[in-house]
Amino acid sequence: ERSLLGLKDLDKEEIESILERAAYWEKHPVKVHGGQQGKFAANMFFENSTRTRFSFEVAEKRLGAEVINFSAAASSVEKGESIYDTVRTLESMGIDVGVIRLKPAGLLAELAEKIKVPLVNAGDGNNEHPTQALLDMYTMRKQFGSLRGLNVSIVGDILHSRVARSNLYALRKFGANVSFCAPDNMQAKELDAPYISMDEALKADVVMMLRVQLERHESGMLNSAEAYREQYGLTVERAQRIAPHAIIMHPAPVNRDVEIDGVLVEHPQSRIFPQMENGVPIRMAVIERALS
Ligand code: CP
């Protein structure tokens with residue numbers, strides 16, 4: 001299986017081999033390797049993205065693949081063409097891998113049954129964001145060496161978060177302890193993880209803040225950004241309480257001064273930009289796996 005639809009059903013060994021291959025690419029910073037020359041990668045984004053879209057593109061180009069970028073806003077999707085017909089169209093043109101981000105959860109699994117080329121999930125609704133969790137795990141391993149026994153607090157809009165889900169599924173396989181912290185109306189009750197207070201969350205080795213996903217909220221869910229920051233934001237005052245060895249993470253984009261104070265984004269204990277940097281070798285490993 002060369003697709004990467006999620007981490008929930010991916011073996012620990014497969015995850016391990018992606019992380020190891022990413023480490024190889026990080027140690028071989030040759031700008032363009034060229035091992036996948038003559039292959040075509042299509043990046044199909046039916047939902048906005050900066051980090052994921054561009055780091056897939058950098059990864060594909062570093063591997064020497066030809067890159068086709070599809071953005072829904074400039075396509076026949078605007079005329080009502082379905083996601084299936086769009087992906088099938090690109091497949092019929094001879095692409096070798098399709099990287100897809102879309103809104104409806106569950107659609108990617110259906111597509112993967114009908115489409116023959118490998119598909120890579122770049123985020124599907126609130127279901128999974130496997131390459132984000134892989135780069136998160138990679139970042140944690142670089143910091144701590146091992147994930148076993150690591151205490152990871154994921155704080156914020158768990159309900160709408162594919163990042164929280166992929167991290168929960170994968171970190172557990174490696175023996176990390178994952179806890180969530182969220183207001184009642186942002187909790188995902190179906191996920192099997194403990195909810196802890198903000199004070200408890202600050203005691204973890206990794207404090208991962210999530211973006212409040214305003215675009216996915218029904219009106220009225222977030223009464224006030226200020227009140228949210230007060231109760232669940234990583235403020236400068238709260239950051240002083242995290243352990244000296246602990247790190248701050250956030251998948252970004254960041255709502256500065258809502259879930260995290262702006263001055264903390266580049267705090268010495270923050271790994272927010274290193275996370276983005278690690279996204280490139282991770283996506284090289286994932287694209288290489290899909291193409292080979
Ligand atoms: N972290 C992440 O997925 O960012 P983008 O939405 O910008 O790709």
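Reader: What separation do the centres of domain 1 and domain 2 have, taken over C-alpha atoms?

Author: That's 25 Å between the two centres. Domain bounds come from an automatic or database domain assignment, and here they give domain 1 (12-128 + 277-291) and domain 2 (130-271). Keep in mind this is a predicted model: local features need pLDDT of at least 70, side-chain atom pairs count only at pLDDT 80 or more, and totals for chains, interfaces and linings use all residues. Residues are numbered from 1 along each chain as its sequence is written.

Reader: How many residues of domain 1 are in contact with domain 2?

Author: Contact means C-beta atoms, placed from the backbone, within 7 Å. By that rule, 21 residues of domain 1 meet 18 residues of domain 2.

Reader: Which residues are around the ligand?

Author: We take a residue as near a molecule if its C-beta atom, placed from the backbone, lies within 6 Å of it. Here that gives Ser49, Thr50, Arg51, Thr52, Arg53, Gly123, Gln132, Pro251, Ala252 and Pro253. Helix α2 (residues 51-62) supplies the largest share, 3 residues; helices are DSSP runs (H or I, at least four residues), numbered from the N terminus.

Reader: Where does the shell around the ligand lie?

Author: Both domain 1 and domain 2 give residues to the shell, so it lies between them.

Reader: And which residues does valine 152 touch?

Author: Leaving out residues up to four places away in sequence, Val152 touches Leu171, Ala176, Asn177, Val178, Ala204, Asp205, Val206 and Met208.

How values were computed: Contact = placed C-beta atoms within 7 Å. Helix = DSSP H or I, 4+ residues; strand = E, 2+ residues; numbered from the N terminus.
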